[in-house]
Amino acid sequence: MKISDAMVSAINDQIKAEFDSAYIYLAMSAYFKDAGLDGMAHWMKKQYTEEVEHAEKFIAYLYERGARVIIPDVAKPKESYTDALEAFKAAYAHEQYVTSRIYKLVDLAISEKDYATQSMLKWYVDEQMEEEDNTSSIVAKLEYLGGDKHGTYIVDRELASR
Ligand code: OFO
């Protein structure tokens, strides 16, 4: 069964969202590097790499379906944050936003009875659950610390091992 034009266009939009996510995290990595929080910079750099992989996975899927891939412009990400908590809160909110986008893709695939796309999207549904869990648990730790520098340093060390 041929993939619909609406589905191809929605997946191309999601490819852009994944590259935008990658850039947001690369900018957060640069912010943490500048702040001397190397563990957080490393964590965000890994996240950047994962987002590029998410985009590439969608690209590979469109190729597999014989559809046209459009390589998008990437939005300029925010450069600076007040502190680590603000940055990780932004990352968590961003992941919630991406989850809502993935759910809309699932809704579209269901409405079109596009079972292949539904099956492919299952991986993203699971991945989003993990991404939200990862970011929200770091937010919870930083909130608990309430800006304590020693504690933030320990979290930074912990995130270096990702
Ligand atoms: Fe691609 O999962 Fe985060 O944004």
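Analyst: What follows moves from the overall fold to helix packing, aromatic rings, charges over rings and one backbone angle. This is a predicted model, in which local features need pLDDT of at least 70 and side-chain atom pairs count only at pLDDT 80 or more, while totals for chains, interfaces and linings use all residues. Residues are numbered from 1 along each chain as its sequence is written, and side-chain values use heavy atoms, with hydrogens and water left out.

User: How many helices and strands are there in the protein?

Analyst: Helices (H or I, at least four residues) and strands (E, at least two) are DSSP runs, numbered from the N terminus. The protein has 5 helices and 0 strands, in the order α-α-α-α-α along the sequence. Its C-alpha trace spans about 60 × 25 × 25 Å along the principal axes. Buried means under 20% relative accessible area, exposed over 50% and partly exposed in between, with a 1.4 Å probe and protein chains only; buried residues make up 43% of the 162 residues.

User: At what angle do α1 and α2 pack?

Analyst: Axes are lines fitted to C-alpha atoms, for helices over the stretch in contact, and the angles run from 0 to 180 degrees between N-to-C directions. Angles under 35 degrees count as roughly parallel, over 145 as roughly antiparallel, 65 to 115 as roughly perpendicular and the rest as oblique. Helix α1 (residues 5–34) packs against helix α2 (residues 38–64) at about 165 degrees, with the axes 8 Å apart, and the two are therefore roughly antiparallel to each other. The residues of this contact between α1 and α2 divide into 19 nonpolar, 6 polar and 5 charged, where Ala, Val, Leu, Ile, Met, Phe, Trp, Tyr, Cys and Pro count as nonpolar, Asp, Glu, Lys and Arg as charged, and the others, Gly among them, as polar.

User: Which residues form the aromatic cluster?

Analyst: Rings of Phe, Tyr and Trp (its six-membered ring) pair if their centres lie within 6.5 Å; planes under 30 degrees apart count as stacked, over 60 as edge-to-face and the rest as tilted. One cluster is formed by Tyr-31, Phe-32, Trp-43, Tyr-81 and Phe-88, and a search of the whole structure finds 6 aromatic pairs. Among them, Tyr-31 and Phe-32 have ring centres 5.2 Å apart and planes at 55 degrees, so this pair is tilted. Tyr-31 is buried at a relative accessible area of 14%, and Phe-32 is buried at 0%. Trp-43 and Phe-88 form an edge-to-face pair, at 5.4 Å centre to centre and 65 degrees between the planes. Trp-43 belongs to helix α2 and Phe-88 to helix α3 (residues 84–111), so the pair ties together parts that are 45 residues apart in sequence.

User: Which charged residue lies over the face of Trp-43?

Analyst: A charge sits over a ring if NZ of Lys or CZ of Arg is within 6 Å of the ring centre and within 35 degrees of the ring normal. Arg-162 lies over the face of Trp-43, at 4.4 Å from the ring centre, and the charged end of Lys-78 sits over the ring of Tyr-81, 4.9 Å from its centre.

User: What is the phi of Lys-113, and where is Lys-113 found?

Analyst: Most residues other than glycine have a negative phi. Lys-113 has a positive phi near 55 degrees; this residue is found in the loop between α3 and α4, and counts as exposed at 55% relative accessibility.
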